[in-house]
Protein chains: 4
Amino acid sequence: MGIHKYLVEFLGAFFLIFTIGMVVVRPDGPHPLAALAIGSVLMVMIYAGGHISGAHYNPAVTLAVTLRGKCSVPDAIPYVLAQCLAAVAAGLLVLHLNPGVPVVAKVIQPAPAIICEFLFTFALCFVVLNVATAKANQGNSFYGLAIGFTVIAGALAVAPISGGAFNPAVAIGGAVMGLLKWSDMWIHFVGEVTGAITAVLVFRAVVHDPG
Amino acid sequence: MGIHKYLVEFLGAFFLIFTIGMVVVRPDGPHPLAALAIGSVLMVMIYAGGHISGAHYNPAVTLAVTLRGKCSVPDAIPYVLAQCLAAVAAGLLVLHLNPGVPVVAKVIQPAPAIICEFLFTFALCFVVLNVATAKANQGNSFYGLAIGFTVIAGALAVAPISGGAFNPAVAIGGAVMGLLKWSDMWIHFVGEVTGAITAVLVFRAVVHDPG
Amino acid sequence: MGIHKYLVEFLGAFFLIFTIGMVVVRPDGPHPLAALAIGSVLMVMIYAGGHISGAHYNPAVTLAVTLRGKCSVPDAIPYVLAQCLAAVAAGLLVLHLNPGVPVVAKVIQPAPAIICEFLFTFALCFVVLNVATAKANQGNSFYGLAIGFTVIAGALAVAPISGGAFNPAVAIGGAVMGLLKWSDMWIHFVGEVTGAITAVLVFRAVVHDPG
Amino acid sequence: MGIHKYLVEFLGAFFLIFTIGMVVVRPDGPHPLAALAIGSVLMVMIYAGGHISGAHYNPAVTLAVTLRGKCSVPDAIPYVLAQCLAAVAAGLLVLHLNPGVPVVAKVIQPAPAIICEFLFTFALCFVVLNVATAKANQGNSFYGLAIGFTVIAGALAVAPISGGAFNPAVAIGGAVMGLLKWSDMWIHFVGEVTGAITAVLVFRAVVHDPG
């Protein structure tokens, strides 16, 4: 009965990860404005799909919103599946559209990368919980801007250290495209899941009337 | 009786295509922030003209909004004519203001270009239908931001493959300026029209109370 | 009795023109993000001062808003004086803070420069009239974003041809700093004044219930 | 009893200063989009935390808002402590994540640096007071955009002269990272504190019904 929502989650995650791939996998290297493109596409897909599915497009966000009580568990599982399926589809399409473009998997160190993914996944989920689920911010027009530009800031800040995914589906898409190593996925997942959980704990601690 | 609306469609499309031309046709090549300029001018013209004509500035958007039932067929035809006329006028003015600047028509491959134009025209129309016509989003202040920044993301993502028009009037303007080949127009039109139609179908499928 | 409004007009124009000078007058040439800085400072000063003075910061905007009937003539004159005084003050401070930085006055051709200043001053005033004075858009949160980003698009599009002022006070500030020639001021004034007047005429023609 | 607010002030200031450090302390020098990252992270943290603590993240803003009567003195002191503690923590983490990256403290001249820090701290506080505390702007969705983009404009305009902090906690974080000299802290503090106080005085003079 929620299949329209799963389709929107697929579409949003697909365009997010397709855009990431297309601005990074290039003969002359990543576009200087890559972070702007990535944050922008996330923002616009949130504004388009927010009223339908909540516009997570990110398993870490689905985890945080579910723990927050604003997404049901029976929805959470197909949400994550749709997001990951979108990652694979987007990654394969990027490779198909860029034959012969060399891709080198980023070398990352576990501890610093976990710290960076933890921090900005925390920031992303904390922003989402406050701008999209808190009673005091109901009816605002800035939720997509806030969420999208968190990823712009995060990508510019920590991409050299962790790749700047803040999103397990993005990490999977990165691995499909060869930008990240499959053997490094655990690094992303650990940082991102703990970041999402911590965001829920802090949100509960600091927002007294969450609604 | 709708001539004030056709004039606004002309003006919005004119400034969009004039800006595209001026940031791309330069002695030293496209400006590094070209995508920002293009998305910005679209955004501001949408905020200026939205309350008058709906601010399509794009035959693909007019097609999608008409199929959605929010633009009448008798309006749709002069809308598209005004947009295409604006494209010719803007293209000629860009050439007039840049005498002697060399312009090389982009070489594009049909299949990848159609995929890219399809995808981001779909995204653009899906964003428009949701942020500017869906009941749940009435009265928001983000519609221009969402639509304009879809083009920023799309232009950064796929311009190397298709030119990044997502708009038949922009494609025509590009051909007038010599940035695209007249013989490639069908590639744009096929991708853009099918993208617009698909956006309407998906919108109908996922939005249960469109208003 | 409106001196608080004139002070706000001075402050907004001062920060606009000071920022323009500081991002352009540099030992290593204009900052690549100069247009973003300029549009941003205009946007934020509009959001800060809009509720006090209407946040024109531009004699062309004051002319348009006065012809539109939303600024009184007794206010319009001190508004323009405050804006021009701010331009001189900002220009002198930029020179004071950048001793020895070479400044070369832009060489512009009258006809193309008038066309470009006309077009984007028209766009700027048309955006202002619609987002800040039209009844249908009352209470929106996007007016500063729309106005500021019009200048981003315009500066990126036509700065190579006209300097990209769209504002007689900015032109004066540019002349104080040596970026423009005093003998070229008429070019800016002609394009900007006719752009502002045309925006009012078009606004009246296309908006049936302006409020 | 306000510890949830102090935690939010810590988090917002931490992410602001961590992002500043990560986009500036790099093997190949500051990222070209550093200012966009910095303004973006400030914007998103304001949207996330505004409803909890008021989202100052800056002792100069806390000073201005307290003088304005919208922050109690018993809150102001722990706010500033939380912001400064966040600066130290963020600075140390940036150094930990970038071992061996050379950092050279900026050489600044007192008088020009004080002018620049004064001007944009004034602008920042004047924007904050108007968009986040003035009665006429209640319920708007643009407050974070306006405040964050003030810092984008300011950083692009005056960073070469003063470093572009506009925030004593940012100055301290810069000193921890070695980007600024401890012996230059007074320059920042003088400019920033006088800028904040002046903003309150001007706000009182120009806003007749502040609420």
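Q: At what angle do the axes of helix 1 (residues 3-24) and helix 2 (residues 34-53) of chain D cross?
A: In this predicted model, the two axes cross at roughly 175° and come within 9 Å.

Q: What makes helix 1 of chain D roughly antiparallel to helix 2 of chain D?
A: The crossing angle is roughly 175°. Angles over 145 degrees count as roughly antiparallel, so helix 1 of chain D is given that label relative to helix 2 of chain D.

Q: Which residues make the contact of helix 1 of chain D with helix 2 of chain D?
A: From helix 1 of chain D they include D:His4, D:Val8, D:Phe15 and D:Val24. From helix 2 of chain D they include D:Ala34, D:Leu42, D:Met45 and D:Ile52. By class, the residues of this contact divide into 13 nonpolar, five polar and two charged.

Q: Why is B:Val206 called buried?
A: B:Val206 has 20 other C-beta atoms within 10 Å. A residue is buried if 20 or more lie within that distance, so B:Val206 counts as buried.

Q: Where does B:Val206 lie, and which residues of chain A does B:Val206 touch?
A: B:Val206 lies in helix 8 (residues 185-206) of chain B. B:Val206 touches A:His4, A:Leu7, A:Val8 and A:Ile52.

Q: How many residues of chain B are in contact with chain A, and which helices of chain B supply at least two residues each?
A: Chain B has 28 residues in contact with 24 residues of chain A. Helix 5 (110-133), helix 6 (143-162) and helix 8 of chain B each supply at least two residues of that side. Helix 6 of chain B gives the largest share, ten residues. The side of chain B that touches chain A has 23 nonpolar, five polar and no charged residues.

Q: What is the make-up of the side of chain C that touches chain B?
A: Here 28 residues of chain C are in contact with 24 residues of chain B. The largest share of the side of chain C, ten residues, comes from helix 6 of chain C. By class, this side has 23 nonpolar, five polar and no charged residues.

Q: How do you know whether D:Gly211 is buried or exposed?
A: D:Gly211 has 10 C-beta neighbours inside 10 Å. The limit for exposed is 12 or fewer, so D:Gly211 counts as exposed.

Q: Where is D:Gly211, and which residues is D:Gly211 in contact with beyond its neighbours within four places in sequence?
A: D:Gly211 is in the segment after helix 8 (185-206) of chain D. Its contacts are D:Ala134 and D:Lys135. The C-alpha atoms of D:Gly211 and D:Lys135 are separated by 4.7 Å, with the two residues 76 residues apart along the chain.

Conventions
Residues are numbered from 1 along each chain as its sequence is written. Chains are lettered from A and ligands numbered from 1 in the order in which they are written. This is a predicted model: local features need pLDDT of at least 70, side-chain atom pairs count only at pLDDT 80 or more; totals for chains, interfaces and linings use all residues. Two residues are in contact if their C-beta atoms, placed from the backbone, lie within 7 Å. Ala, Val, Leu, Ile, Met, Phe, Trp, Tyr, Cys and Pro count as nonpolar, Asp, Glu, Lys and Arg as charged, and the others, Gly among them, as polar. Axes are lines fitted to C-alpha atoms, for helices over the stretch in contact, and angles run from 0 to 180 degrees between N-to-C directions. Angles under 35 degrees count as roughly parallel, over 145 as roughly antiparallel, 65 to 115 as roughly perpendicular and the rest as oblique.
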